[in-house]
Amino acid sequence: RSSSSTVYPGKLGADPSPSCIALAIWTWLKPRSVKSPPMYPGCLPLIGHGYQLVGDEKHMFKCEKQINDFCLQNNDLIEIRLGTHSVFVLTDPDDCLTVANNCLEKPYVYKYGDNVYGRGLVTTKVNIWKTHRKLLNPAFNLNVLQSFVGEYCRQAKLLVSSLASEAGKGPFDIQPYLITNVLKTAYRTTFGTKVDENSEILKTYSDATEKLLMLMIGRMHNIWLHLSFIYKMTTSGKESDKRANIMKGITESVMNNRKSELKAANQRDKIGESATDDFVPLLDRMLDLTDKQDAFTDDDIREHLDTIVGAAYDTTATALTFILIVIGSHHDVQEKMYQELKKVLEHEERDINKHDLPKLVYMEAVIKETLRLYPPAPRFARTSNIDVKLKNYTLPANCTYAISVYGLHRHAMWGPDKDQFVPDRWLDPARLPKNPNFFAAFSLGRRNCIGKLYGMMAIKTTLSYILRHYRIHSDIEKLETRCDLLLKPVAGHFITLESRVY
Ligand code: HEM
């Protein structure tokens, strides 16, 4: 990696200011270096490719797919322009890992959630991220996550009973049920507070989260709203601050209540004996770290907690939705999962436990294969303040590097059946790509998903209850995808449930 020396169109590493824009316009006129990667067709002066992305979420994903395909056909690295800002799209597994490990900073679009998530792991600056990730990693180790399995089971049982009203009635939208389920699980393991299905707090909190995400997406799509001074004056900017304050208020009040409870019970030293039944929530661990090592400020804690819940629930609920749609159309696969489950549970009607989860090998293959074909996060982005040397090119500093998870997962290295749903490939190493960086559903490298194992364990637990109670039917031929920040089905309404006796 060498230090950047050339002026490159679109070096807008931070929120673009008018002077940066003037510089970008000026530099636009400079010819591109002959060593630049291929440019995606249709780039217009000053606007770049932005105009192609205007449309609804279905259109957005169609464009993203076309960009991925162009990248796969052009040696795995291309350039697109958003306005005058350069975005390099990557689908080569080695280059993707190089960027993921060497460029730990997030580009400016991630800052659009700063009013809530600023210091959280997803968006925070690298210097803070390094210390905080180290402090938080132990809270996601296997022992801790195994202590959450009881809670996953409790929530999964509530889910299957709430689904009873839909069984036998024909297609319905399962996504809201799954969102409530994962949100409640994440809220409980993070904050420790018990939340009831119809809780006003949960509803206000989840509405605020959803609205904030929609506003962030709207801002990303509108080049003028990238400018903070304009955004702050718009209705969206004001609405975003309002929702952020609602979330802050809820989280602060949960934190303060918990602090008082711990103080009153003088329990801070005994964090193993938390107010919850069988696990220590993340909030207690963070308060304990702060007590002992002065690790976090109150704002740090609040933003980490909101980030964890925000990063956990939509991704996991979306993954579950895709899995149900896929197995609803592959009944042989669903039956194999069911038989494996019965065997692991020794045909008993009991709760699943931490020892059972690793034995659900076929189920894990199905989950991974679905995440390969439908990764909820179909790309992630990074930036760097120095040039980045890749196999065939050196990427200029301060641009955006977009790692296409969708492209990696449909790369020729997967073989001629790359577009087919083949869970068995995960059971035979010879059928997987030789390159070890083939799977990036949970990102790649050092700044990957901290909740990867949490997500896998929660998905397995939830599926094990759904499968025991229902046969799932769907029509994958009707599956259409859209993309807000995440890749999602246009609607979850293709699922039909048929009750089954275990
Ligand atoms: C199927 C479920 C999930 C998927 C597909 C997923 C995917 C990802 C991806 C792709 C990233 C990188 C994002 C980026 O760099 O822009 C990420 C980061 C992250 N995820 Fe997940 N995730 C899932 C579940 C979870 C869960 C359950 C949690 C928490 C309990 C979680 C917490 C986080 C956090 C905190 C980060 C930021 C990590 C860091 O920068 O150090 N995720 N996830």
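This is a predicted model: local features need pLDDT of at least 70, side-chain atom pairs count only at pLDDT 80 or more; totals for chains, interfaces and linings use all residues.
The chain runs to 502 residues, and 43% of them are buried. As for secondary structure, the protein chain has 17 helices and ten strands.

Let's take two residues, starting with Ile323. It belongs to helix α13, which spans residues 298–328. Ile323 has 24 other C-beta atoms within 10 Å, so it counts as buried. Setting aside neighbours within four places in sequence, Ile323 is in contact with Val366, Ile367, Thr370 and Leu463.

Now for Leu395, which lies in strand β5, made up of residues 394–395. Leu395 is classed as buried because it has 27 C-beta neighbours inside 10 Å, and the cut-off is 20 or more. If you skip residues up to four places away in sequence, Leu395 touches Phe88, Asp387, Val388, Leu390 and Tyr401.

How do sequence and space compare for a pair from each residue? Here are the C-alpha to C-alpha values.

| Pair | Apart in sequence | C-alpha separation |
|---|---|---|
| Ile323 and Ile386 | 63 residues | 40 Å |
| Leu395 and Ser36 | 359 residues | 8.3 Å |

So, reading across the table, Ile323 and Ile386 are 63 residues apart along the chain with 40 Å between their C-alpha atoms, while Leu395 and Ser36 are 359 residues apart in sequence and 8.3 Å apart in space.

Definitions and conventions:
Residues are numbered from 1 along each chain as its sequence is written. Helices (H or I, at least four residues) and strands (E, at least two) are DSSP runs, numbered from the N terminus. A residue is buried if 20 or more other C-beta atoms lie within 10 Å of its own, exposed if 12 or fewer, and partly exposed in between; C-beta atoms are placed from the backbone. Two residues are in contact if their C-beta atoms, placed from the backbone, lie within 7 Å.
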